[in-house]
Every structure is written in structure tokens, then in C-alpha cells.
Amino acid sequence: MSNSHMFLPSGFIRTPLQNGLGRYIPQLQRITLKFCKNHGGSRGVRDFIESDLMEFAKTNPGTVVYLKPRRHRSPCMVAEYLNGEREYLSCHEFSRDEVHKWLSYMCTRSGIPVMRFRKYQHTDYPTVQGVWNPFTHQAPEINIAEFPHEVLSRPLDHGPTATEQLIEIFKKTQIEDPANKPPN
Amino acid sequence: MLITRVLFNRAPKADNFWKRRRVFKLTAHYRGRKRNCYSIAIKYLHRALVYVKKGRKLKKKDAIELWQQRISAGCRELGSSYEALVRGMARCQIALDKKTLANLAIWEPRTFKSLTQIAAAKLRQEPIKGLNDISPPPAGVITRGML
């Protein structure tokens, strides 16, 4: 099915600054959890904060965690990435497990927006020998040749011209002159 | 108990909203009434789905044709032909597919040239009847009886 109905931008797979080639750096800069201390919709977030948040913060030392308790506001999380992208997610009526799962999803993302990948491979160096160009398989002599050239200006599959064919026929019809024969 | 009356009950009518929503999600990028009116949208959606099914085979066919065209062009530039390359490679037990060959012809032209030369050298040793050899023997190919 064509993907136009999803209205997603499309692009090639990439990673910021070749992340993972040397050291892997988690791209999540900071995560802000906004919740209400009383309202029922924030129950999952509150349970998560009480139980799993410290472990999460310890396992992700590169990410700063901010908590914003705000009265009468539905819970949400905002993830900010090293390339400046922001990702908002409403956590209303989430369970504790759901919060944990969505948080770990945010951790593993880079800030590159969600898009349809055209190909699942990418290389910055697609060629070792050099991309084909019309002069790749040509002899370098053409650089200094002056045109029209006797050999290079001829078509490739020329064959003998009519004049040359006539000369060949003429030579065959000639009787050998005994005076031209070498002495035995 | 009278069960006949109970047997007359029909199943509740399905909610059309969800059925139509499934259609509208797929026609969201259409123009005008084809996007929002069910009885119009469904006609165009059915055509689109038929084209999708047909297109799966056509896409493969087109890709193979394109690769074949590119390999043939690359071969002809080097004085060989597509048939000579493929048949020569098969006899040398080099099993490279059309996609790889086309990519080599573009991105690794010298590898591609050496493949044409290997195939030509093999066909020179074991000529195929009916396959015209257009070019002179390839220079710089040392077989040492390995072909």
C-alpha cells in the first residue's frame, strides 16, 4: 500500500554524528514528568516515580530527570534530545508499566523525527574504486589527442570502406610480376 | 416459554462508523469528495487496492528490467554483451545476481570490467555456438588453467 495516507515525511536512515560507530551516546538530554499529586489520572506516573524512577535515573546517567508536580493538570512527559527536538506524550490514565515502557522508548530514540525509511542501509562511502563516469574506461591518450584523429575519430564498428574493399579486390586480381619476386 | 418469539430476534445492526472509518483512514490523501464521502471513496479505494496488488509484481519486473538494461549498457561499453557476461559467469560458477552486477557497474567499474574479462576468457576457451564474439581477446587476463 502506498504510504501517502500516513502523511509521514520520508528519508534515508541516519544517525547523529555516527553514534555507535565508536562510543554509543544516548541521545536523550532531559526528560520532564509533569503530574498531579491528587488526581486519579496521574496514578500510574506517581507509582512509577515512587518505585522505578530512581533505578531509571541510575541506569541513564546522561539524562537529566525533572519532575513537575502541578495541581489539576493531566500527566505528561516531554523528552528533549541533543539535537534540539522535543517529543511530547500524554500519560493520562497510564499504568506504571506503560509509563516505564514509554520512558525507555524515549531513551532509545535519537531526536531525528519519525519518518518512513526509503532504505534500511546507508553509507557515506558507496564507492571504493570511484563512481563510473563516461571517461572511466577510456584510454588516457584522449586527453592529449588532437581531433579529428585518424584512429579515435573513426566509428568503433566501422569495417573496411568501399574504397578499401576495391583496393583489396584489385590487389587479388593482380598477377605477380616475376621481376618483383625475390631470387630463389 | 414461547421460544418462537425469541428466534425472531435478529443480530444487532453493526455500527457503520467504524467500517467507514477504516476506509477514510486509507483515503485521507485523496482530493475532494473522494476523501470524505463513503460511497464515492469506496470506489476509488477498491481501484487503489487492485493497483497495489498488481503493482507488487510490476515493481519487481521493472527493477529486473532496469538492472538488465544497466548491465547490458556496461557490457557494451567494454566490448562484451549481456548474454556473454551472464553465460561466461555461469560457466565460471560466479553466481552474482542482476542487482549486484548493476551496482558494481556503477559503483565499482573496475570490478565489473574484470568480471567481463573473466567471462570473455572463459568463452574463448569454451566457445558457445551462436554467441558472436564482438571483441578481440581481453588483454591482461592470466588464467593459468584455473578457468
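Reader: In which loop of chain A is L17(A) found?

Author: In this predicted model, L17(A) has a positive phi of about 60° although it is not a glycine. As for its place in the chain, L17(A) is found in the loop between strand 1 (10-11) and strand 2 (28-35) of chain A.

Reader: Which residue does a cis peptide bond join to F147(A)?

Author: The bond in question has an omega of about 0°.

Reader: Which UniProt annotation covers residues 37-110 of chain A?

Author: In the model, this span is 39% helix and 23% strand, and its end C-alpha atoms lie 31 Å apart. The name comes from an unreviewed UniProt entry, where the annotation that covers residues 37-110 of chain A reads "domain: Ribosomal protein/NADH dehydrogenase".

Reader: How are helix 1 and helix 3 of chain A oriented to each other?

Author: Helix 1 (residues 43-51) and helix 3 (residues 96-108) of chain A have axes 7 Å apart and pack at an angle of about 70°. On the side of helix 1 of chain A, G44(A), V45(A), D47(A), F48(A) and S51(A) take part, and they meet R96(A), V99(A), H100(A) and L103(A) of helix 3 of chain A; by class, the residues of this contact are four nonpolar, three polar and two charged. Angles from 65 to 115 degrees count as roughly perpendicular, and therefore helix 1 and helix 3 of chain A are, relative to each other, roughly perpendicular.

Reader: How many nonpolar residues has the contact of helix 5 of chain B with helix 7 of chain B?

Author: Helix 5 (residues 82-91) and helix 7 (residues 109-125) of chain B pack at an angle of about 70°, with their axes 8 Å apart, which makes them roughly perpendicular. Helix 5 of chain B contributes A84(B), L85(B), G88(B), M89(B) and R91(B), while helix 7 of chain B contributes F112(B), L115(B), T116(B), A119(B), K122(B) and L123(B). Sorted by class, two residues of this contact are charged, two are polar, and the number of nonpolar ones is seven.

Reader: Which residues lining the second largest pocket are the closest to its centre?

Author: The second largest pocket holds about 620 Å³ of space, and 14 residues line it. By class, this lining has seven nonpolar, four polar and three charged residues, and helix 4 (38-77) and helix 6 (98-107) of chain B each supply at least two of the lining residues. The closest to the centre of the second largest pocket are K119(A), Q121(A), K99(B), N103(B) and W107(B).

Note on methods: Residues numbered from 1 in each chain as written. Chains lettered and ligands numbered in written order. Predicted model: local features only at pLDDT ≥ 70, side-chain atom pairs only at ≥ 80, totals over all residues. Heavy atoms only, no water. 1 Å grid on protein atoms, 1.4 Å probe; cavity = no way out; pocket = protein on both sides within 12 Å on 5 of 7 lines; lining within 4 Å. Points joined across faces, edges and corners; volume = space filled by probe spheres on them. Helix = DSSP H or I, 4+ residues; strand = E, 2+ residues; numbered from the N terminus. Nonpolar A, V, L, I, M, F, W, Y, C, P; charged D, E, K, R; others polar. Axes fitted to C-alpha atoms, helices over the stretch in contact; angles between N-to-C directions. Parallel < 35°, antiparallel > 145°, perpendicular 65-115°, else oblique. Contact = heavy atoms within 4.5 Å. UniProt positions renumbered as here; feature names shortened; annotations may be inferred.
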